[in-house]
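These are my notebook entries on a structure that is new to me. I look things up element by element and write down what I find.

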Amino acid sequence: MSLTATETQPVDLAILAVYDDAQIEGEPDFVVELIDLYLNEVPRLFDTIRKSVANKDRSTARRAAHSLRGSSANLGVLQMATIAGELEHLENDYSNVALELLSSLENEFERVKEILNAERQRRSA
Amino acid sequence: MRILIAEDDEISCRILTNNLTKWGHEVVVTRNGNDAWRALCARDAPSLAILDRVMPDVDGIEICRHLREVESPVHVILLTSLNRREDLLEGLEAGADDYLTKPLDAHELRARLQAAQRILELQESLRQRVRELEQAIEERKAAEEALRNLSLTDQLTGLYNYRGFINLAEHHLKISRRETHPSLLIYADMDGLKGINDTLGHRAGSTAIAAAGQILRNTFRDCDIIGRLGGDEFAVLVPNIQEPESTKVIERLRHNVSEYNEMSGHKFTIGLSIGAVEIDHQHAWGIEDQMARADEIMYREKREKKGHEEVQKKPA
């Protein structure tokens, strides 16, 4: 599969690289730490979203989507940030659309995981 | 600088903390609004707070509002999501000093912190200056008070003050005893000064006190000792006098008071309740005991006048 020029990268590694500036000397790699936090957090948020959509608990779902959007944007995971933003601000036809968005988030996360894990490997090497 | 962070999102919190630590700041991390509020109310509260707009318990805007209610000097930077202009305005209205949008731009954060630090330093030097001025005022007041305590005259009337009167009168009593002369002690208390203050204001009250002092001055001789003991109370010690002169001089005082009231053109009238005691040269009492006697007699007159006024106040 070839990427077209207009397609957004799942992860903007340049954004991640900015956090090297915040690296404190003598401590473990800060970017690796952020990647680990993110990879841990996302499945938890997916879980929360799925359960709260099923329970029609929109405010919990919205809060989880908000967190997901924020964390994704922080790590340069831009596509996921966009989709999470849509989910956060969803108004009508709630459950169906929400589940559709959740499944595209999960698909996207598979690609993101690969890239982040590769980056993690590269840095830990 | 000591900086408080209130951010429930773990990743944002770590990014903030690492950056701030790296720049040499001391970071106090809280993960919800309640903890943040407690930390900001503490005695050694950080001078700057970075508060997330959205938190599960108490959000950043609410904390801002509380801080301004208690007039906290904490400089608040609010964190809001991009494109949420209404949050931003609400935050500034609630008393935030500045805002930053997420995802955070480290360069922007650093620049805002430098601006904040300048403001905080200015505010601190202002507060310091105010403290210095307040202290200077206190010192000056204390010095004036000390001077007043040292002085023997009353500023408003130019008569002797309590201290001056007692010292001089005591001395005169001793001379009178030695030279076997009787003296007259008059205690005079103004009537209705409170009413003048209440209805015409304190400046009119002061004018009335000064006028009473002037009446006393015009009534008595240069060698008599006249003092304003405080508030609306006056005393005169007339050395070397006896009846019928004693009665005459008191009548002259009453006459001068009513003459003043006829001529003055003021909205108020001056009234004096008078108590007088003759002091025999054989009397061994000191001036303060004599004054207590005179005060008692004066008070009797005052009470009688009040009764009289009650009768007069009936509608005409």
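**Entry 1: a helix and what follows it.** I began with helix α9 (residues 245-263) of chain B, which has 19 residues and reaches 26 Å from its first C-alpha to its last, close to the 27 Å expected at 1.5 Å a residue. The expected span is 1.5 Å times one less than the number of residues in the helix. Helices (H or I, at least four residues) and strands (E, at least two) are DSSP runs numbered from the N terminus. After α9(B) I found B:G265, with a positive phi near 75°.

**Entry 2: ground rules.** I note that this is a predicted model, in which local features need pLDDT of at least 70 and side-chain atom pairs count only at pLDDT 80 or more, while totals for chains, interfaces and linings use all residues. Residues are numbered from 1 along each chain as its sequence is written, and chains are lettered from A and ligands numbered from 1 in the order in which they are written.

Entry 3: The peptide bond from B:E243 to B:P244 is cis, with omega near 5°. B:N240 has its place in this loop between β8 and α9 of chain B, and it has a positive phi of about 55° although it is not a glycine. I recorded B:N240 as partly exposed because 16 other C-beta atoms lie within 10 Å; a residue is buried at 20 or more such atoms, exposed at 12 or fewer, and partly exposed in between, with C-beta atoms placed from the backbone.

Entry 4: Is strand β8 of chain B mostly covered or mostly open? Strand β8 (residues 233-238) of chain B is mostly covered, since 5 of its 6 residues are buried. Two strands pair if DSSP finds at least two bridges between them. Strand β6 (residues 183-190) of chain B runs antiparallel to β8(B) and is joined to it by 6 bridges, with B:Y187 standing opposite B:A235. Strand β7 (residues 225-230) of chain B is also antiparallel to β8(B), through 5 bridges, and here B:G230 faces B:E233. The hairpin of β7(B) and β8(B) has 2 residues between the strands, and in it B:G231 takes a positive phi near 50°.

**Entry 5: other loops of chain B.** In the loop between α6 and β6 of chain B I came upon B:T180, which is not a glycine but has a positive phi of about 55°. B:T180 is exposed, because 9 other C-beta atoms lie within 10 Å. A cis peptide bond joins B:K102 and B:P103, with omega about 0°, and B:P103 lies in the loop between β5 (98-102) and α5 of chain B.

**Entry 6: chain A.** I counted 5 helices and 0 strands in chain A, whereas chain B comes to 10 helices and 9 strands. Buried residues make up 32% of the 125 residues in chain A. I found A:Q79 in helix α4 (residues 78-88) of chain A, and it counts as buried because it has 20 C-beta neighbours inside 10 Å. Chain A averages a pLDDT (the predictor's confidence in each residue, from 0 to 100) of 90, and 92% of the residues score at least 70. Over residues 1-6 of chain A, however, the pLDDT is below 50, and beyond near neighbours in sequence this stretch has 0 contacts in the model; two residues are in contact if their C-beta atoms, placed from the backbone, lie within 7 Å. Where pLDDT is low, the predicted coordinates should not be read in detail.

**Entry 7: where the chains meet.** How many residues does the contact take from chain A and from chain B? The contact takes 17 residues from chain A and 14 residues from chain B. On chain A, α2 (30-54) and α3 (58-74) each supply at least two residues of the side that touches chain B.

**Entry 8: the core.** A nonpolar core is a set of buried Ala, Val, Leu, Ile, Met, Phe, Trp, Tyr and Cys residues joined through C-beta atoms within 7 Å. The largest has 59 residues, and A:L34 and B:L4 are among those that touch the most other members. α2(A) gives the most to this core, with 9 residues.
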